[in-house]
Amino acid sequence: MNSMALRTPYLSKSRLISAWQCPKKLHLEKHHSDLAVITPQMESAFAGGHQVGDVAKELYGTADSVEVAFNFKTMVAETQQLIEGGADFPIFEATFRYENVLVRVDVMIPDGDGWRVIEVKASTSVKDYHVLDCAIQDWVLRNSGINVTSISLAHINNQFVYAGDGNYDGLLLENDLTEEVRTLEPSVVDLVAKARDAVTGPMPDIQVGTHCNKPYDCQFQSHCWPSDTKYPVTGLGGSKAKLGEYVALGCRDILDVDENSITAATQQRIYRVTCKGEPEILDGAREALEALPYPRYYLDFETIGPGVPIWSGTRPYAAIPVQWSCHSEQEGGALHHEEFLDLSGDPPMRALAEKMIACLGDSGPVLMYTSYEKGVIEGLIDRFPDLTEPLQGIVNRLWDLHPVVKENYYHPDMLGSWSIKAVLPTINPEMDYSKLEGIAEGMGASDGFIEAINPDTDMVRKLELEEQLLRYCKFDTEAMVEIVRFLRNS
Ligand code: SF4
């Protein structure tokens, strides 16, 4: 180990980006990782990045390209050997270290007497922190003696339509950032110093605010934001900047906030109801629901939106319905349940649409929660123009429960959210999404579906996922039935 390695802590590119977002985040990552709360969304984003990386290897790879295996002890030396050995083929995950800043380069392609460098991201556009990411690489590589002829960011082209033939040529769009990156070199030097201070020094004194979710949702929010009171101030909702100001003033609970400082109508309502300590139920919901004819249908979809499309005719990140649940209710309250889920791995959209059309008949309101279902059905119309008439008929019967709930109901325990998951336990504590085993939220359902159709998933796991997916989607429509009954009887 050289003396520099002994004196200065090792920093990866992701740690530098953490320091750029918030030095306290980096300090906590290094010294208190046990305080992190990793959400399914964070895990899912990580997995998506891997899939895009695999496609990049296919697109940029040649018969003789090499990938440097992840191994702390060998990856820098292995890269050095390849370069010094005169490699004239693409290298993936080449690893360099300068002043103990370690970077792994997604793609390096020989370019005359130098190298063309490509960083691959699962994003659909170039963000400012991507440019910084490339600048960190450029700084380490050039100071390691590499002639970087250009540095580009390759991101997902959301207009790409997959032909279903395993060919992802066109999925990635390259942007040459060389010029911008070179102007950022002084910022990289400053950032490295800032990150070192965050790692070696005491916990940086940073207040919470908008940076807690930009560019990434920070994993330490439950530590930094107040969470140990009955109605944490974050439950007031609205802008994170404003909430951060309340926290800076010493407010931990909604009840600590000065009423006169609240200007937005929604926040005033949340404050008023929370102070009162009782739910607010207005007559508008009952009146609207009483006017709804029977039979009533309660519909919910689950969708997937992979960055690397799976089926022919689909685009990156487009929401593709793969499952639905429907409860139908007759006058008098009799319920009937139907559902659709196909885990064969074949495109399920056509059968999903046809079975939904058959299930929903041709009359009666179709209740959904938020306008998401409308967009999904309109997507099916685009995909299957021959089904336009019955699908448009369903769109015309859609009835969104969410705005009715939002306008007419608030319980202090909803903590500023009118999501179905926040509303349900306040009207029936027995029905709580957090009590569901395994899949308990939309992102989990999406990841669960993708895992279930993977040919490498064993049968036992697949059956377990099938049970969880069916249970979760059914729970969503049961929840709507429960909310409607509650509001009608209130
Ligand atoms: S929650 Fe906010 S203040 Fe706390 S470490 Fe994360 S970004 Fe920094």
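Start by selecting helix 12 (residues 283-290) and helix 19 (residues 459-489): they pack at an angle of about 110°, with axes 8 Å apart. Helices here are DSSP runs (H or I, at least four residues), numbered from the N terminus. Axes are lines fitted to C-alpha atoms over the stretch in contact, and angles run from 0 to 180 degrees between N-to-C directions. Helix 12 and helix 19 are therefore roughly perpendicular to each other (65 to 115 degrees counts as that, over 145 as roughly antiparallel).

A quick note: this is a predicted model, where local features need pLDDT of at least 70, side-chain atom pairs count only at pLDDT 80 or more, and totals for chains, interfaces and linings use all residues. Residues are numbered from 1 along each chain as its sequence is written.

Next, select helix 14 (residues 372-383) and helix 15 (residues 388-397), which pack at about 170° with their axes 9 Å apart. That makes helix 14 roughly antiparallel to helix 15. To see where they touch, show K374, I377, E378, L380 and I381 of helix 14, plus T388, L391, Q392, I394 and V395 of helix 15 (contact means C-beta atoms, placed from the backbone, within 7 Å).

Last stop: the ligand. Which residues are around the ligand? Select C22, K24, K25, L28, I206, V208, H211, C212, C218, F220, Q221 and C224 (each has its C-beta atom, placed from the backbone, within 6 Å of it). Now color helix 3 (23-31) and helix 9 (221-224), as each supplies at least two residues of this shell. Helix 3 gives the most, with three residues.

Conventions
Angles under 35 degrees count as roughly parallel, over 145 as roughly antiparallel, 65 to 115 as roughly perpendicular and the rest as oblique. Two residues are in contact if their C-beta atoms, placed from the backbone, lie within 7 Å.
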